[in-house]
Amino acid sequence: MTGPGTVLGRLYRAAPAVQDSVLAAALLLPDLFLFSDFALPSVGLADRLLTVGYAVLGYAALAVRRRAPLAVFGHVWAHALGGELLTAAGAFDYSPTLALLTALYTVAALRGARPAVLALVSVAVPVALSVRAALADVPEAERLTSLLGVACFYGLLNLEVWAVGRWVRAGRAAAIRDRLAVARAEEAVLSERARTARELHDIVANAVTVMVLQSGGARHVLRTDPGRVENALDQIEACGKTAVAELRHMLLVLRADGERLAADEPSFGLADLDPLLNGVRQAGLTAHLRVTGDPAPLGRSVDLTAYRLVQEALTNAAKHAGPGAVTVVRLDWHPAGDRLKITILDDGRGVPPADRSELSTGHGLLGLRERVAVCGGTFEAGPVRNGGFRVAAGLPTRKLSPQEAGA
């Protein structure tokens, strides 16, 4: 059951205007008792009502102080100035103080340095009138001492309130920066995890698929064609060594902590397509490479992405189209030299392995899409009419620096 106190508590926490209205009401009475003649027995009911009515005019604006800090400060400043002038004219004895302090704090906490400094300077006018009113009944001999005391009281009070507002603003800004830093760190961790998962998939999935297909083919010709079995074992060994080298390289990257890796560490690119194609050919695919246009230099990450794209597409063809399928890898270099289009198309007419579902992780194409997107490229994949499958991507090329070209 929800009680009235719970409802009011939720309303107070949910609505800033309600909070500010409660604050205004809490400050109104202390302001009247401390800075006016409201509580004096000699003051009549009409004068008290006049003082309360005028005070309410100023405090009502505090209900929207966080929504419009400068407008509220201007209103409260004018209200304080008017109260001092009316006090000097004898209408009542009231020096509005706490509302002005609240408005000053709000501007200091929610606005920039320039509006905050201007607000602090502008309060000198009503403060000076308050000091003047406080010294009206002080004897001449004590006026200098009283002037120093009252001026220090009002001046330090306003300065401290302003300083607290600026401190709160600085603390909030620091908290926002910390939250943004934490969010960026978490995003970097997630991005690194996704990158690592893509690398593991591309390394392990291709190697395991080729090794499984090679071993399966070798088993069928174990007694009839020993030479082919030996060739398959050589391919399995070479594929395993390549996968281990790639895994070692990836581990070095993860442990490098941002440091530059040694230049002799393996890094794959389009120049390594021939061994990749030979590997899937040994697994039973018929793979062709066709290149059109003049090759342009690729950045290291784009070159690796291009290699992984071909690697994953060939692995999928080996798993799903199966041995006997014909696969064509096309590298079309744009005449302007700023774009490379890669297309891998299989005819789907092979003999798919019986255990192909066990070879699939379900994340290959998703990982490729993410890789290509990181490089600023485009990616598409899907079946074609003849029953085959097509994977295509457009990757940006760039001019290498003299240092990269020399390397």
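A cavity here is a set of points, on a 1 Å grid over the protein atoms alone, where a 1.4 Å probe fits but cannot get out. This is a predicted model, where local features need pLDDT of at least 70, side-chain atom pairs count only at pLDDT 80 or more, and totals for chains, interfaces and linings use all residues. Residues are numbered from 1 along each chain as its sequence is written, and side-chain values use heavy atoms, with hydrogens and water left out.

View 1. The structure has one cavity of 30 Å³ or more. The largest cavity holds about 70 Å³, a volume being the space filled by probe spheres set on grid points joined across faces, edges and corners. Its lining residues (an atom within 4 Å of a point) include A80, E84, Y154 and N158. Helices α4 (69–89), α5 (98–110), α7 (124–134) and α8 (143–220) each give two or more of them; helices are DSSP runs of H or I with at least four residues, strands are E runs of at least two, and both are numbered from the N terminus. The largest share, three residues, comes from α7. By type, the lining splits into seven nonpolar, three polar and one charged; Ala, Val, Leu, Ile, Met, Phe, Trp, Tyr, Cys and Pro count as nonpolar, Asp, Glu, Lys and Arg as charged, and the others, Gly among them, as polar.

**View 2. D20 and its two arginines.** D20, R65 and R66 are linked in a network of salt bridges, each bridge being a side-chain nitrogen of Lys or Arg within 4 Å of a carboxyl oxygen of Asp or Glu. D20 meets R65 at 2.9 Å, N to O. That pair joins helix α2 to the loop between α3 (45–59) and α4, 45 residues apart. D20 and R66 come to 3.2 Å at their closest N and O atoms. R66 is in the loop between α3 and α4 and D20 in helix α2, so this pair ties together parts that are 46 residues apart in sequence. D20 counts as buried because its relative accessibility is 2%, and R66 is partly exposed at 35% (buried is under 20% relative accessible area, exposed over 50%, partly exposed in between; 1.4 Å probe, protein chains only).

**View 3. A bridge between two strands.** R390 and E380 meet in a salt bridge at 2.6 Å, N to O. R390 belongs to strand β5 (residues 389–396) and E380 to strand β4 (residues 378–383). R390 is partly exposed at 24% relative accessibility, and E380 is partly exposed at 44%.

Note on methods:
On a 1 Å grid over the protein atoms alone, a cavity is a set of points where a 1.4 Å probe fits but cannot get out, and a pocket is an open set with protein on both sides within 12 Å along at least five of seven lines; lining residues have an atom within 4 Å of a point.
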